[in-house]
Amino acid sequence: MDHYEEWIRSAALSLFRMNRFDECAVEEGLRVKESFPESKVDAISVGPPRCEAVIRRAMGMGADRGIHILGDDEPFLPPLVTASRIAARTVSEQYDLFFAGVMSEDGMNGQVGPMLAEMLGIPCATSVVCTRVTDDRKAVQVEREIEGGYRDALEMALPAMITVQSGINQPRYPSLSHMLRAKKAAIETISSDSLPQAAPRDAVTRTEPPQRRRSGRVLEGTPADKARELIGILRERTLVRW
Amino acid sequence: MNRSIAVIVDHAGGEINPATYEASTAAQQIREIVGGRILLVVLGEDLAELASVLRERTKWPVIAVEVSGLVSYSGEVYKGVLSSLLSDLSPAYVCMANTTQGMDLAPGLAVRLNAACVTGVESVERDGDRVCFSRSMLGGKVSAQVSLSAETAVVTVQPGAFQSCEPVDCRVSTAIADADEDRVEFRKMEYSPRRSRSLGVREGQPKDSALSEARVIVAAGRGVGSQENLQLVRQLSEIFPSAAFAASRPLCDLGWVEYPRQVGLTGAVVAPELYVACGISGALQHVVGMRGSGFVVAINSDPNAAMFADADVCVVEDLSTFIPILVEAWRNQARGSAHL
């Protein structure tokens with residue numbers, strides 16, 4: 001492991017919290033529960049022991065149960081493997097709706113949700129910015145954010161998978177009462193080794209800093225030095241007002 | 001014989017998404033390493049016109065699969081039709097643009113084809129006699145190389161990362177390989193979706209024309225941290241001539257800035273003379289919206305911010321302290337010149 005990889009590891013660790021897109025996914029699930037109060041929300045996560053804090057946060061937001069598919073620290077775990085572990089645990093449950101973030105902030109693959117849907121044989125809509133379960137509770141209508149400021153609307157029969165885009169809602173903060181309950185609540189923990197799962201088909205073999213696409217001149221000195229130099233550069237190019 | 005490379009065409013409203021031609025360039029680069037021929041695959045209801053446009057542009061064989069009722073993209077129909085078509089054709093690589101359509105389609109299709117799936121590919125590299133890819137992680141702070149251990153791979157190509165395949169380039173490089181395949185093949189397939197139905201494409205957010213007309217854009221990202229600092233960024237735009245204020249997606253999601261002011265993949269694509277990125281992390285989703293800018297200044301307290309890779313001038317400072325100093329420096333110099 002070279003210096004750069006170490007930096008990535010520590011950056012990834014310091015970043016460790018619930019993925020922002022997943023916060024929106026939990027929130028959207030809780031809103032469905034508010035419309036259909038007899039329903040339950042389970043929060044499921046795959047990962048090393050530190051994931052437990054994320055699951056408890058979801059329960060603090062209002063999720064009823066937490067399920068932790070526990071693995072070792074597996075950096076860059078392929079999404080296919082993650083999805084297959086969740087499929088193995090959820091295939092026997094009667095879930096009507098699955099919510100996931102459109103992608104993770106670290107891996108940025110955007111694959112776990114749609115792969116899980118395929119493994120479970122259910123319809124899937126990605127990049128969703130609006131959801132509504134029909135009154136007969138047999139279908140969900142969604143709007144997907146697509147290019148050019150348009151939205152692609154569709155209806156899916158339940159059970160269905162929805163991956164949510166940010167902006168769909170403002171995720172709530174965990175409430176004190178939920179947090180107290182979550183602290184005491186048991187989390188179902190399953191060893192990932194005990195589950196049937198897909199063999200990886202791809203692997204991250206190297207990491208490096210992004211390539212520079214521009215000159216990237218870094219200004220040095222005190223903030224005042226940098227400010228003077230920057231104004232000078234912009235004036236030369238007549239890009240500031242006189 | 002080498003297996004083929006299939007490019008799935010992204011189109012809507014009778015227009016081919018230009019990112020498809022960038023995915024085509026990626027396919028060409030894959031072919032340079034592994035050989036084989038490139039096929040374009042397009043799905044829709046009435047494809048005569050699109051197929052001839054594709055053929056004209058690339059000179060590659062086109063398979064046009066006409067499905068009655070398929071007026072716009074449907075994940076269920078695309079996955080159903082393509083999994084059966086591609087099982088027959090057995091391409092080694094399936095390429096498509098990493099658009100909302102490609103992102104929706106690729107992972108599920110890969111599962112059906114028992115293929116690897118690599119999303120948001122930014123470059124194609126040689127790995128012995130095989131292909132590997134690089135893609136962004138951690139908001140663009142890291143470029144990761146991904147290699148494959150499967151026979152087949154479904155790949156989505158990040159818009160903005162590859163040149164668009166030019167009509168002339170395609171003709172020159174494919175003149176020999178595809179000379180005997182001057183054709184468009186139409187197929188008809190019936191496929192009624194069972195678990196989903198389209199409710200049509202709707203108007204979402206309007207764009208703000210101020211962004212396309214501005215000489216200078218001052219843009220704020222999540223790094224501003226507070227609404228007070230956002231005010232500072234707005235004030236900064238006053239020192240520039242004909243400046244507009246914009247933001248990256250997270251600030252719009254927070255409700256701090258209206259969506260029409262969003263720059264990036266899902267917002268406006270802008271190309272001002274000067275782009276000042278304040279507290280923007282520089283994820284590719286944002287960068288593709290401003291990469292055409294003339295001159296880029298990035299201000300961010302994180303020295304590892306990906307935005308610096310796309311900047312001409314980098315300032316590693318905290319916005320809340322630096323912007324007032326910058327405005328003051330501008331005032332002093334303006335005053336200085338007034339006395340000349």
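Is A:Asp152 buried or exposed? In this predicted model, A:Asp152 is buried, at a relative accessible area of 6%. Its salt-bridge partner is A:Arg144, with the closest N and O atoms 2.8 Å apart. A:Arg144 is buried as well, at 2% relative accessible area. Both values fall under the 20% cut-off for burial.

The salt bridge between B:Glu273 and B:Arg215 also has its closest N and O atoms 2.8 Å apart. B:Glu273 sits in the loop between α8 (249-253) and β15 (274-278) of chain B, and B:Arg215 in the loop between α6 (209-213) and β13 (216-220) of that chain, so the pair ties together parts that are 58 residues apart in sequence. B:Glu273 is partly exposed, at 39% relative accessibility. B:Arg215 is likewise partly exposed, with a relative accessible area of 27%.

A further salt bridge joins A:Arg85 to A:Glu74. Here the closest N and O atoms are 3.1 Å apart. A:Arg85 belongs to helix α4 (residues 79-90) of chain A, whereas A:Glu74 lies in the loop between β2 (65-70) and α4; the pair therefore ties together parts that are 11 residues apart in sequence. A:Arg85 counts as buried, at 4% relative accessibility. A:Glu74 counts as partly exposed, at 29%.

Salt bridges also link residues into a network in chain A. Its members are A:Asp42, A:Arg65, A:Arg89, A:Glu93 and A:Glu188. Over all chains, the count comes to 37 salt bridges.

Note on methods:
Residues numbered from 1 in each chain as written. Chains lettered and ligands numbered in written order. Predicted model: local features only at pLDDT ≥ 70, side-chain atom pairs only at ≥ 80, totals over all residues. Heavy atoms only, no water. Salt bridge = Lys/Arg side-chain N within 4 Å of Asp/Glu carboxyl O. Helix = DSSP H or I, 4+ residues; strand = E, 2+ residues; numbered from the N terminus. Buried < 20%, exposed > 50% of the residue type's maximum accessible area, 1.4 Å probe, protein only.
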